[in-house]
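Please keep the sequence and the structure at hand while reading.

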Amino acid sequence: MHASTSSQILDSALDAIGNTPLVRLDRLAQEEGLKCNLLGKVEFLSAGGSVKDRIAKAMVLAASVVIEPTSGNTGAYKGYPVIITMPNKMSQEKEALLRALGAEVIRTPDEEPWDSPRSHIGVAKRLQREIPYGVILDQYGNVNNPLAHEYTTGPEIISAITSTVSTPTKPSSLKVDAFVAGAGTGGTITGVSRALKKDHNPQCIVVGVDPIGSVLALPEYLNDESPKPYVVEGIGYDFVPQVLSRDPSDVDHWVKSSDNDAFRAVQRLMVTEGLLVGGSSGSALSGALAWLKTERGQKVAQAEGSNVVVLLPDGIRNYMSKEWFLDFALRPGASRIPQTASDTSSRYEGNTEPQIRPLLLTVVE
């Protein structure tokens, strides 16, 4: 799907939004002992590098001066003046990219609750009052947020699954049996769920992943009594956004994910599958793997041909200066370069240094 879209001339970057590939995560599935098809919806291959491209396109078309409180991935492509308010914890890369696109960026304190006048939402509301014709797109309450996913992301997933032939070596149920996604505003998981369950597969199991410290998961006892800081960006909140449906008919199960779980999963996706994803993608994968170990999840995990789709929201581009990424990316490790040296000096009749014979490499064409 992604290749077919790029094989023709597009009128603008808006036309390069979406149509992202669904990629097999076979190596990870094998490591986990899964018999199902584990599939990643790779959203960083969209024009702006994030699943948020979709809702930005849907919400911005009728705006004039755009003001938006965001975690940094909701951008604008129409050339309108844009003011972005976002918490201090969001990456420097996000701010730099937004400014490069012409946006003005205002940072707000991380510790402010969502309804504080000093929070990113509160500051956006004040600016709207002060700027003539200013419009807050309001991804938290704008119906075009979940609709963008119901009409694009969900149908793309369905098309990829139903158009891929089931074979003896790669069996498929030809339907989406489970869908797993992190929840921020909740537009993605709500919209995709409705697309999948409405006409495609009413029995599809939808699993929401919420970071520890957020309050979006159900039942309520899964959440802490009061919100706590967490490092992963773009998912979780200290309030329940209006566009997030927590109705069990839309989201069947919830899983909590820690920062450590998320960042370990990012590393696995990079090293094992070659996908340069961001932290919230790690949250989604770690949540999916945790759910697949539950009693209900095991029925899907061990069913050959069942399809489990994990939404991978964005790429590592926005997080390359973050300590959690640099910690494992630059951490010294054992060299994979083969050599013939021995650490046992006795083998060299008294020599104190190991002797390394030249390693001959041949290029095979």
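In which helix do F325 and F328 both lie, and how many residues apart are they? The model examined here is a predicted one. Both residues belong to helix α11, which covers residues 323–329, and they are three residues apart, about one turn of the helix.

## The aromatic residues

A pair of aromatic rings is described by the distance of the centres and the angle of the planes. With centres counted as paired within 6.5 Å, the count comes to eight aromatic pairs. One of them is formed by F325 and F328, whose rings are 5.5 Å apart centre to centre with 85 degrees between the planes, an edge-to-face arrangement.

F325 is buried, and F328 is buried as well.

## Strand β10

Strand β10 spans residues 307–312, and six of its six residues are buried, so the strand is largely enclosed by the rest of the structure. Both of its faces are covered, with N307, V309 and L311 buried on one side and V308, V310 and L312 buried on the other.

## Helix α7

Helix α7 runs over residues 187–200 and has 14 residues, reaching 19 Å from its first C-alpha to its last, which is close to the 20 Å expected at 1.5 Å a residue. Because 11 of the 14 residues of α7 are buried, the helix is largely enclosed by the rest of the structure. Among these buried residues are G187, I189, V192, L196 and H200, and what covers the buried residues of α7 includes α6 (144–163), β7, β8 (205–211) and β10.

## Glycine 208

G208 lies in strand β8 and is buried, with a relative accessible area of 0%. Leaving aside residues up to four places away in sequence, G208 touches A181, I189, V251, H253, W254 and V255; of these, I189 is one of the buried residues of α7. The C-alpha atoms of G208 and A288 are separated by 8.9 Å, although the two residues are 80 residues apart along the chain.

Key
Residues are numbered from 1 along each chain as its sequence is written. This is a predicted model: local features need pLDDT of at least 70, side-chain atom pairs count only at pLDDT 80 or more; totals for chains, interfaces and linings use all residues. Side-chain values use heavy atoms; hydrogens and water are left out. Rings of Phe, Tyr and Trp (its six-membered ring) pair if their centres lie within 6.5 Å; planes under 30 degrees apart count as stacked, over 60 as edge-to-face and the rest as tilted. Helices (H or I, at least four residues) and strands (E, at least two) are DSSP runs, numbered from the N terminus. Buried means under 20% relative accessible area, exposed over 50%, partly exposed in between (1.4 Å probe, protein chains only). The expected span of a helix is 1.5 Å times one less than its number of residues. Contact means heavy atoms within 4.5 Å.
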